[in-house]
Amino acid sequence: MLDLKEINLNRFQLHVLLNEEEAEAYRYIVQEGTYCVHCKDVCVEGVDVKENILNGTNDILIRGNCIKCKGNVSRFIEYGEFEDFVERANSFRKAIGE
Ligand SMILES: [Zn+2]
């Protein structure tokens, strides 16, 4: 299995990395697709995203706070399964020298 460096993405880098469809899925997940263990429900008011991490298997880990209860939430988006995303992620890694 690949073991790549974890990269903390800024919003601009995230935008560059995601195609339109993936950006749409990302928005959905942030707005209404993340479960909050504190509310025992999805984050009905969405997530205040603090970090987007491209992890060692080219998945994206979102870390933030449930806007309703302010509790910590995190959510994986398994982009690493998609070949075209992995290609983009790897050329991005190359471009920033990682
Ligand atoms: Zn909550």
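Modeller: Strand β1, residues 7-9, runs antiparallel to β4 and is joined to it over three bridges. Strands here are DSSP E runs of at least two residues, helices H or I runs of at least four, both numbered from the N terminus. Two strands pair if DSSP finds at least two bridges between them. Within this pair, asparagine 8 faces isoleucine 53 of β4.

This is a predicted model, in which local features need pLDDT of at least 70 and side-chain atom pairs count only at pLDDT 80 or more, while totals for chains, interfaces and linings use all residues. Residues are numbered from 1 along each chain as its sequence is written, and side-chain values use heavy atoms, with hydrogens and water left out. The predictor's confidence per residue, pLDDT, runs from 0 to 100. The chain averages 94, and 98% of the residues score at least 70. Among the elements, β4 (residues 47-54) has the highest mean, 98. The lowest, 94, belongs to helix α1 (residues 11-17).

β4 has another partner. It pairs with β5, residues 60-66, again in the antiparallel sense, over seven bridges. Aspartate 48 is bridged to asparagine 65 of β5. Five residues separate the two strands of this hairpin. One of the turn residues, asparagine 58, has a positive phi of about 60 degrees.

Distant parts of the chain are linked here: cysteine 39 sits in the loop between β2 and β3, cysteine 66 in strand β5, 27 residues apart. Cysteine 39 is partly exposed, at 25% relative accessible area. Cysteine 66 is buried, at 0%. Buried means under 20%, exposed over 50%, partly exposed in between (1.4 Å probe, protein chains only).

Lysine 40 lies in the loop between β2 and β3, with phi near 50 degrees. Lysine 40 is exposed at 65%. Lysine 70, in the loop between β5 and β6, has a phi of about 70 degrees. Lysine 70 is exposed at 58%. Most residues other than glycine have a negative phi.

The largest nonpolar core has 23 residues; Leu9, Leu18, Tyr26, Leu54, Ile60, Ile62 and Phe85 touch the most other members. Such a core joins buried Ala, Val, Leu, Ile, Met, Phe, Trp, Tyr and Cys residues through side-chain atoms within 4.5 Å. β1, α1, α2, β4, β5, β6 and α3 each supply at least two residues of this core. Helix α2 gives the most, four. Setting aside neighbours within four places in sequence, phenylalanine 85 contacts (heavy atoms within 4.5 Å) Leu17, Leu18, Glu22, Leu54, Asn58, Ile60, Tyr79 and Gly80. Asn58 is the hairpin-turn residue with positive phi.
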